[in-house]
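Biologist: I'd like to go through this one with you, step by step. Can you put it on the screen?

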Amino acid sequence: MDSLLLKTERSAVLASVRPLRHLLNRVTRVCAINETLRHRIELCFSEAATNVIEHADPAAVTLDLRFGRNGDHWWLEVLDDGGAWLSAGESLNKLSSEQQEAESGRGLGLIESQSDQQLYQPTEDNKKNRLRLSWVRSRQPHQPQVLVVEDDTALRHLYTAYLADHYEVNSVSGGDEALAWLQQNPVDLVLSDIGMPGMDGMALREQLVEQPDTELTPFIFLTANEEETSIQRAGHLGIDDYLLKPVTREQLLHSLQRVIARSDQVRERLSERINRRISSALLPNLPENIPGWRLSLATRHTGSGGGDLLLHHQTEVQTLLLLADIMGHDDTAKFFAHAYGGYLRGLMQGASSKCDPGTLLEKVSEAAWDDDLLQQATLTAMAISLEEGGRLTLASGGHPAPLIMAARCITPVSVSVGGVLPGLLPDNRYDPVELHLQAGERLALFTDGLFESAESELGRRELEQSIIEILQQTRLLPQEEALRRVMERFDQQAGRPAGDDTLLLLLERTD
């Protein structure tokens, strides 16, 4: 099921390609996509956009960029209103030999090689040409990140080989390079030689302890110097271990395992304190009574990271709900979730007696763009307005689309509502979608953990299929009983604790 994270339109001119690529880069960084895949995505976009601008006949006037995700893939769409710039075909890699010759020099082979799936659909019925590219979402178990700092090339490669099976290793040849690298990339441990030209290991450590982002990063020295003064100086810098060269693979692995385990233990204890103090403030809740509506809520929490929020505000004419998923899986994200929760509550309390969900999301996005604190976290959000008589209005900012369970359907129907991540652009606009639920229909709203909490790609597909099936199967059961059975199935397949925070809200008419 697709979630739209970015949607923007520009003039189909070469001057538009660079700012669109920068915007795409910002989204892929927010989504924690690794650097290699980010580069592939941006490169494919640049090639596709350039082809539209230079080869569409008649020329395109507008260029649309859309980016999103589903359970298995990241996807990118480039749409244009010009003439077809590529011959019709199911995918770029199925072009005939004649077509390949005709398209040579236009980067189509590059697009094909740098993306996992490709589909081009020329315009029909005055619609736009559409190129859709996708990349598999690889979510391997996390390996600790280690930075090796060593000026001897042979030793740098040797240490990297020692550690490669257990850690994700990056390496640099000196302290200056390490400092610049660490300013852009967080790591779980630094392994550094002491004696190096330029900024040596001691000076690097002194610099790191002066910076808030790196002062607590575990640090191990490697050196051939056994002088007592050198060892004492290293000890005063608060390092975690001091290894004398030559060092064996077993010695190195044992030291890293011990230091990282100790760091994790300290972090877990701090996390427990954080959770006890602020997690209760993040628990989603529902109003006691909503005229004309019945709502039921279930949640699952990983115990760390950002979190799912469900906030509400009632007036005489409507009940306003805001469902948000604060991205992040560390303790810093928990703090930002708490900050976001407080801001969003205040924003909703200040809303007019009848607030349009699209307007609410626009205010959220404006604040996320302008506020330095809120810029530190990213969220998806769904705003919902409930009124008597079954009238319901939705607006989405990068959030999974809701599902309607109805008697006339074999499977739930996805509601077509989408908008970009709040705070991504200075003037995001959100178009609300109005529904009118009939008696006997039920609406499911949820965060992406409901379908994505399984450990493997196959497990996520099976989880999504299973949850969709049981949502429809339990449509005629009392809402609380249906919710219990759905979450029971979720727990069986996703495990406890689940891989991601999860919230499921079921909603139906009572009048």
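Modeller: Here's a term we'll need: a charge sits over a ring if NZ of Lys or CZ of Arg is within 6 Å of the ring centre and within 35 degrees of the ring normal. Keep in mind that this is a predicted model.

Biologist: Okay, which residue lies over the face of Trp 74?

Modeller: The cut-off for the distance is 6 Å from the ring centre. Here the distance is 4.8 Å, and the residue over the face of Trp 74 is Arg 137.

Biologist: Trp 74 also pairs with Phe 67, so what kind of aromatic pair is that?

Modeller: Both partners are buried, Phe 67 with a relative accessible area of 0% and Trp 74 with 7%. Their ring centres are 6.0 Å apart, with 5° between the planes. Planes under 30 degrees apart get one label, so this pair is stacked.

Biologist: And what about Phe 219 and Phe 221, which type are they?

Modeller: These two are buried as well, at 1% relative accessible area for Phe 219 and 0% for Phe 221. Their centres lie 5.0 Å apart and the planes meet at 75°. An angle over 60 degrees decides the type, so the pair is edge-to-face.

Biologist: Switching to the second largest pocket, which strand gives the largest share of its lining?

Modeller: That pocket holds about 660 Å³ of space and is lined by 27 residues, with Leu 4 and Lys 7 among those nearest its centre. Two elements give two or more residues to the lining, strand 1 (3-11) and strand 3 (73-80). The largest share, 5 residues, comes from strand 1.

Methods: Residues numbered from 1 in each chain as written. Predicted model: local features only at pLDDT ≥ 70, side-chain atom pairs only at ≥ 80, totals over all residues. Heavy atoms only, no water. 1 Å grid on protein atoms, 1.4 Å probe; cavity = no way out; pocket = protein on both sides within 12 Å on 5 of 7 lines; lining within 4 Å. Points joined across faces, edges and corners; volume = space filled by probe spheres on them. Helix = DSSP H or I, 4+ residues; strand = E, 2+ residues; numbered from the N terminus. Phe/Tyr/Trp six-rings, centres within 6.5 Å; stacked < 30°, edge-to-face > 60°. Buried < 20%, exposed > 50% of the residue type's maximum accessible area, 1.4 Å probe, protein only.
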